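This report covers the overall form of one chain and some side-chain contacts in another. The sequence and structure come before the discussion.

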Amino acid sequence: MSDFTSSFWPIFITVISVGGVIGCALLLWLTSKIKATSPNGDNTNGHVWDENLREMNNPLPRWWVWMFIITIAFSLFYFAAYPAIGTYAGKLGWTQVNQYEQEMEAANKTIAPLYAKFAAMPIDQLAANPEAKAIGERIFMNNCAQCHGSDAHGSRGFPNLTDKDWIHGGSPEKIAETLTNGRVGMMPPMAAAVGSEDDVKNVANYVLSLSNSSHDATRAAAGKEKFAVCAACHGADGTGNQAIGAPNLADNIWLHGAGEEAIIKRINEGKVNQMPAQGAKFSPEQIHVLTAYVWGLSNNEVK
Amino acid sequence: MSSKKNPNAKSDVANAGSEATVINLYAAAEKIYPRSTFGFFTKWRWVMIWLTQLFFYGVPWIEWGQRQALLFDLEARRFYIFNLVLYPQDLIYLTGILIISALSLFLFTAIAGRLWCGYTCPQTVYTEIFLWIEAKIEGDRAARIRLDDAPLSARKILKKGGKHFAWIAFALWTGFTFVGYFTPIRELGDAIVNMGLGPWQTFWILFYGFATYGNAGFMREQVCKYMCPYARFQSAMFDDDTLIVTYDEKRGEPRGKASLKTDMDKSKQGACIDCSLCVQVCPTGIDIRKGLQYECIGCGACADICDTVMDKMGYDRGLVKYSTQHAINLGWNHTQMLRHILRPRVLIYATILSVLVVTLLTSLMLRTSFRVDVVRDRGVMARIAEGGMLENVYRLQIMNATETTQRYQLGASGVANLKIESDVADHDKTVTVNPAESRWIPVRLQIPDGSIKSGSHPVKFEVRATESNEIVSEKSVFLVPR
Ligand code: SF4
Ligand code: SF4
């Protein structure tokens, strides 16, 4: 326990905990007997207030005193065994972290048979299995929905997972790979390679024409030639290349926004987009279930 | 117990000038051997013992459809009470029930003192049952005192052993029943037979059994005297019109020995023959003739036994009886006493209590069979969907509180041309939720882009249970970005 910011706090805690126990013991001992002016046999202890109010002596039963003593003994044991006094870690070496890890391990053990069953199932079967679907949905909701949305439809910068448009590939293997290792989407700034501002505008209109979006036909025709530098990644017909994660430009799906302006911006500035790796967070079996869920989002015709 | 000595309430006021002595403030508890009684109140006590225990031991065995009628499933966080299924969200009902219980206790205490203590409190009830077992095996008070004083012998070991065996068996059954409120009792029984009891179940059965054994076998009146908080604050609820067990001092004093043969000189002697039976039967070991004491649990045992003494002596009953301070001091008769039951304190308690009961019952009755929670997706502000629709994403948590699979139809209103979409809903915009489960449903609200100004617009989700037609609405907001 080295995470105290100043040495005052461990001392403060020690004083309160040890002092409290010592105080209780002292109180118990000091109050066990009192000296009183002779009780005259009427069970009063001799204290008189307000003229005639007298204090009865109804002794505490001894067993109750024993309970206090047991409590004190327990506290001392607790101080020795657990991190209760300042920076002292305790004989048992208990920490919140290792308790958490133990509980996680125990929980994982109980669900292991379920996951073992899932691990043996092919993705398409798993995607149709209601039990696996519910688990996958829960994992997705808790871990993926922050970016991709609860309905997995994504938003600007975060791909929609329910359509058939895959940047890195929508096969179960590819999805599992994306989940495990994450992805980095890299579009370099291309302004210099494309040419003048006018050229960029022409290329943007050509890109728009690929998906039959509204565009300026003359500019598009002029941009076609300059598109060659883009074709290296996105392909001559602009349908993209999943091997390097170059999106398909010929469908009407725009990850970073539709329209001429958004495209010009991408050509000029490029974009680095990142899907974080989940491999460290989940076991391969969990990834398998999650893969089936994600795969099922766009392969759900057989309902 | 130190007040056993001389009951001298009217002794000299102060003791100034006497010698200083040291007194010990901790004392060994003295064992009390209550003598068994019979009579009107004792009969009622046994009626209450039977009623409460039939309830306690019987109810877990009642089945209701596919499950136990009364089951507090802590692990699944569901409370089944006959056809009612409560969730953690329904904690307010528990609070209500607890407040109602507390207020009822206030009300009964104001009217009739420690009615609860003497007749229905588990501590008293189990002590009474354990005492009954004890008396069956060891005999009544005198025999028990003799047995305790006797040297160790085979007979003593047999009797004591038999008693503890019976006590422990009964206590374990109690522990088993108690755990049966939290895990299905029939499965629990099977688990015991097959030695397949879980560690926590074992722990709680043993723990509760041990508590019963210790509290009813050994702690007994000490729980009432030293541990029970109710015993400590009830004096605040007493007044001079509260029914208490009292000794009619005017009639009884001066007490003195009398026998059936010698006639009593009524001018010299009161009705109390100082037989001390009222002290012997008292489960808390006090002498009711010393006046109202905090130890008295109002059980009426002393009243019963004294009545039999009075009968034998040929005197009127009621030297020790349920009465009020006022009635005793002012010599009221029954009707006068009863007329004072309805006093402001009682009326106030009763009014608050009935308001609470009615509120609780109504809200239980109006409670819908499902709940809805709405959480707006925070990561996704708003987005343009196909067809130029502007959409917001939400999660609807629908909790099905019934025990059958239910279908719920989703709806939303609040903004013009609002549409609700969900990938998991079918064409009727209905979703299915399994019995007693909750499910997250991702939904999208859509409006034509540009149809309303930017900013936050209140919307309302309306979820309708298709079977019962109940509707639950939940508020949220629809955000339109600039
Ligand atoms: S039982 Fe009745 S008669 Fe006997 S001592 Fe008690 S009050 Fe007196
Ligand atoms: S004094 Fe009487 S009513 Fe009170 S506890 Fe003792 S026996 Fe019961």
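How far apart are the mean positions of the 22 positive and 28 negative charges of chain A? They are 6 Å apart, where Lys and Arg count as positive and Asp and Glu as negative, with His and the chain ends not counted. Each charge is placed at NZ of Lys, CZ of Arg, CG of Asp or CD of Glu.

This is a predicted model, in which local features need pLDDT of at least 70 and side-chain atom pairs count only at pLDDT 80 or more, while totals for chains, interfaces and linings use all residues. Residues are numbered from 1 along each chain as its sequence is written, chains are lettered from A and ligands numbered from 1 in the order in which they are written, and side-chain values use heavy atoms, without hydrogens and water.

**Chain A**

Chain A has 13 helices and six strands, taken as DSSP runs (helices H or I, at least four residues; strands E, at least two). Its radius of gyration, over C-alpha atoms, is 36 Å, well over the 19 Å that the globule rule gives for 303 residues, so chain A is more spread out than a compact globule; the rule is 2.2 Å times the number of residues to the power 0.38. Along the principal axes, the C-alpha atoms fill a box of roughly 120 × 50 × 40 Å. Of the 303 residues in chain A, 39% are buried (under 20% relative accessible area; exposed is over 50%, partly exposed in between; 1.4 Å probe, protein chains only).

**Chain B**

T109(B) sits in helix α2 (residues 91-112) of chain B and is buried, at 0% relative accessible area. Beyond residues up to four places away in sequence, T109(B) touches Y230(B), Q234(B), M237(B), F238(B) and T242(B), a contact being heavy atoms within 4.5 Å.

Over all chains there are 35 salt bridges (a side-chain nitrogen of Lys or Arg within 4 Å of a carboxyl oxygen of Asp or Glu).

| Pair | Closest N and O atoms |
|---|---|
| K163(B) and E138(B) | 3.1 Å |
| R144(B) and D140(B) | 3.9 Å |
| R317(B) and D307(B) | 4.0 Å |

K163(B) in helix α6 and E138(B) in helix α4 of chain B are 25 residues apart. K163(B) is buried at 3% relative accessibility, and E138(B) is buried at 4%. R144(B) is buried at 2%, whereas D140(B) is partly exposed at 28%.
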